[in-house]
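Hi everyone, thanks for coming. Please have the picture open while I talk.

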Amino acid sequence: KEMNLEERFQQYVDAENKVEPKDWMPEKYRKTLIRQISQHAHSEVVGMLPEANWITRAPSLRRKVALLAKVQDEAGHGLYLYSAAETLAADRMDMVEDLLSGKAKYSSIFNYPTPTWADIGAIGWLVDGAAIANQVMLCRTSYGPYARAMVKICKEESFHQRQGYEITMTLAQGSPVQKQMAQDALNRWWWPSLMMFGPTDDASPNSAQSMKWKIKRKSNDELRQEFIDKTVPQAEFLGLTIPDKDLKWNEETGHYEHGEIDWEEFYNVIKGNGKCNKQRLIARNKAHDDGAWVREAANAYAEKEAERRKK
Ligand code: ACO
């Protein structure tokens, strides 16, 4: 019986139908989605930290306004995603606690520091550029609430990417010192951005099943390649150099070939030993504790309202 349901589910997904919260779904499909969506939500929330670091030091009012809006957008993305996970019967407080205790994963990329203003440019250009490549694909994911959240998120991410590219362009066309700042930031963020897409396909334990269920529509390596092909010409346009001596255009395949990614660094970061993992969790825990009064007030208000409605 169970087998039949699973087969029917696969057929339903193969026919490009969206799965909705009340539909029957295999338990493992539900668990995989909760895992991926909650990790994604945590990434959006932790992703605010490296950039928030520069809000008070943005070089002009215009830059400050754009950065503030962008960081706020990331908070909103986290909220849509926690809500999407809740439609799968995940408990929000459990998810938040797993993040705060260090049990849950979030994207490796947010464990790198932002020592200069040029890093804010590099994050928008590269990190948000990589996020878009991944999330455009997720707009077609088989789970309805996740797919719909992604459509709105992608629109905002493209603004983030452009503001980052514009910051980098301004620096790249500025004084030699400014151009060097942009180059240094590209050197810092290039390889970690490639790692964002996750392990290579043959080392990715979740990919095969997630592709079969159409949770993922493109593999980690496919998306990484798309990102490289799109970004190399952007760096050339800026007169900056991608820090990969093995990077070369392959006329036959129509793609860039790249050098070896340092997977040891990747696994080290996701195990909690990156440059900023500890700092990020301390900052998240402090923000959560500082916000306790807001949650308490909102709950007290909700209770009062419920009482009033009963009368
Ligand atoms: N950082 C941290 N962990 C990662 C990363 C990464 N860059 N890439 C892969 N992993 C983890 C996976 O979560 C998985 O962990 P788990 O099995 O313990 O849960 C493990 O490494 C093995 O990887 P895969 O089998 O390839 O995992 P998966 O099929 O989930 O693919 C991917 C990983 C591509 C990140 C996928 O989960 C995804 O598309 N997520 C949604 C997008 C997202 O989270 N983006 C966050 C950054 S963008 C932003 O926030 C602005």
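Let's begin with Lys-214, which sits in the loop between helix 9 (207-212) and helix 10. Please keep in mind that this is a predicted model. Lys-214 is not a glycine, yet it has a positive phi of about 60 degrees. There is another case to look at: Glu-16, also a residue other than glycine, has a phi near 65 degrees. You'll find Glu-16 in the loop between helix 1 (2-14) and helix 2. Is Glu-16 buried or partly exposed? With a relative accessibility of 45%, it counts as partly exposed.

Now for the charged side chains. How many salt bridges does the structure hold? The count is 20. One of them joins the side chains of Lys-70 and Asp-128, with 3.0 Å from N to O. This pair links distant parts of the chain: Lys-70 is in helix 4 (residues 61-86), Asp-128 is in helix 6 (residues 117-138), and 58 residues separate them. Both Lys-70 and Asp-128 are buried. They also belong to a network of salt bridges that links Glu-51, Lys-70, Glu-74 and Asp-128.

Take Arg-224 and Asp-221, whose closest N and O atoms are 2.7 Å apart. Because they are three residues apart in helix 10, about one helical turn separates them. Here is the rule behind that: an α-helix has 3.6 residues a turn, so residues three or four places apart point the same way. Arg-224 counts as buried at 2% relative accessibility, while Asp-221 counts as partly exposed at 26%.

Helix 12 (residues 277-290) gives us another example, with Asp-290 and Lys-286 four residues apart, about one turn of the helix. Their side chains meet in a salt bridge of 2.7 Å, N to O. Asp-290 is partly exposed at 43% relative accessibility, and Lys-286 is exposed, with a relative accessible area of 52%.

Let's go back to helix 10 (residues 220-238), where we also find Asp-229. Asp-229 is buried yet has no salt bridge. How far away is the nearest side chain of opposite charge? That side chain is Lys-218, and it is 11 Å away. What does the side chain of Asp-229 have as a polar contact, then? The partner is the side chain of His-255, at 2.4 Å. Leaving aside neighbours within four places in sequence, Asp-229 is in contact with Gly-254, His-255 and Tyr-256.

Last stop: the cysteines. A disulfide is a covalent bond between the sulfur atoms of two cysteines. How many disulfides are counted here? The count comes to zero.

Notes. Residues numbered from 1 in each chain as written. Predicted model: local features only at pLDDT ≥ 70, side-chain atom pairs only at ≥ 80, totals over all residues. Heavy atoms only, no water. Helix = DSSP H or I, 4+ residues; strand = E, 2+ residues; numbered from the N terminus. Buried < 20%, exposed > 50% of the residue type's maximum accessible area, 1.4 Å probe, protein only. Lys, Arg positive; Asp, Glu negative; His and termini not counted. Salt bridge = Lys/Arg side-chain N within 4 Å of Asp/Glu carboxyl O. Polar contact = N/O pair within 3.5 Å; in protein donor to acceptor, adjacent residues only side chain to side chain. Contact = heavy atoms within 4.5 Å. Disulfide = S-S within 2.5 Å.
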